[in-house]
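My notes follow, entry by entry.

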Amino acid sequence: MENSYITVSDESSFELVEKKSKFIGYIKHVKSEKDAVDFITTIKTKHWDARHNVYAYILKDNNISRYSDDGEPHGTAGVPVLDILKKNNLQNIVVVVTRYFGGILLGTGGLVRAYSKAAAGAINSSEIIKMSMCCSCELVCDYNQYQKISNIINECTGIIDETIFAQEIKLCFHIKKENTKNLSKKLLEISSGTLNYKIKNENFYKI
């Protein structure tokens, strides 16, 4: 399994008009096929009165990619949108392009260009981010160890998600999987071999 992938941070949209037809491109980062289908359904419901709601999505797990022309001539809508996603190396991503027909036929080439522009515009309106495979961890320490341990986690490019102050201090953090060995080594060094962390799970994070 690859340890990272490129996607977008938040849902965003882009609008253009081609020969009186309005195209609205929507883009969103998703984690599963259900997420992608739910987003497509949401956009279709929002634009129930549109002539077409074309979509494409790519999922990292099992290398899944799907598209729909939603009534446009075959190969003029869904495939160009999917191609734009692939050219930008995006994964775990879904794009829906809504079209309100303006009464003027665009032709095969015109449709390909318009749907491509709408998808590219949605991408350009988004923040492109890198998601890395990380370990979500917990560590319990004394108050006199806290500052030094926090510094070590930061040095190893870990990100502290939560700090719980009680009789002892619990640090909840995530760190790139490839940096865990270095973190363990540094923690053991400062604690004479007594201090380490517990891995709760592994997941992709923006880091």
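I began with Ser 192, which sits in the loop between α5 and β10 (198-206), where helices (H or I, at least four residues) and strands (E, at least two) are DSSP runs numbered from the N terminus. I kept in mind that this is a predicted model, in which local features need pLDDT of at least 70 and side-chain atom pairs count only at pLDDT 80 or more, while totals for chains, interfaces and linings use all residues. Residues are numbered from 1 along each chain as its sequence is written, and side-chain values use heavy atoms, with hydrogens and water left out.

Most residues other than glycine have a negative phi. Ser 192, although not a glycine, has a positive phi of about 55°, and I noted that Ser 192 is exposed at a relative accessible area of 69% (buried means under 20% relative accessible area, exposed over 50%, partly exposed in between, with a 1.4 Å probe and protein chains only). I then turned to Lys 20, in the loop between β2 (12-18) and β3 (21-29), and found a positive phi near 75° in this non-glycine residue; Lys 20 counts as exposed, at 62% relative accessibility.

**Helix α4 against helix α5**

Two packed helices are described by the angle between their axes and the distance between the axes. For α4 (residues 146-155) and α5 (residues 180-190) I read an angle of about 160° and axes 10 Å apart; axes are lines fitted to C-alpha atoms, for helices over the stretch in contact, and angles run from 0 to 180 degrees between N-to-C directions. The two helices are therefore roughly antiparallel to each other (under 35 degrees counts as roughly parallel, over 145 as roughly antiparallel, 65 to 115 as roughly perpendicular and the rest as oblique).

Which residues of α4 and α5 meet? I listed Lys 148, Ile 149, Ile 152, Ile 153 and Glu 155 on α4, and Leu 183, Lys 186, Leu 187 and Ile 190 on α5, with contact meaning heavy atoms within 4.5 Å. These residues divide into six nonpolar, no polar and three charged (Ala, Val, Leu, Ile, Met, Phe, Trp, Tyr, Cys and Pro count as nonpolar, Asp, Glu, Lys and Arg as charged, and the others, Gly among them, as polar).

**Helix α2 against helix α3**

For α2 (residues 78-87) and α3 (residues 107-124) I read an angle of about 35°, with the axes 8 Å apart. The contact joins Pro 80, Val 81, Ile 84 and Leu 85 of α2 to Val 112, Tyr 115, Ser 116, Ala 119, Ala 120 and Ile 123 of α3, and its residues divide into nine nonpolar, one polar and no charged.

**Cysteines**

How many disulfides does the structure hold? I found zero, a disulfide being a pair of cysteine sulfur atoms within 2.5 Å. The sulfur of Cys 137 has its closest cysteine sulfur in Cys 135, 5.3 Å away and too far for a bond, and that of Cys 141 has its closest in Cys 172, 11 Å away and also too far for a bond. Cys 137 is buried, with a relative accessible area of 1%, and Cys 141 is likewise buried, at 1%.
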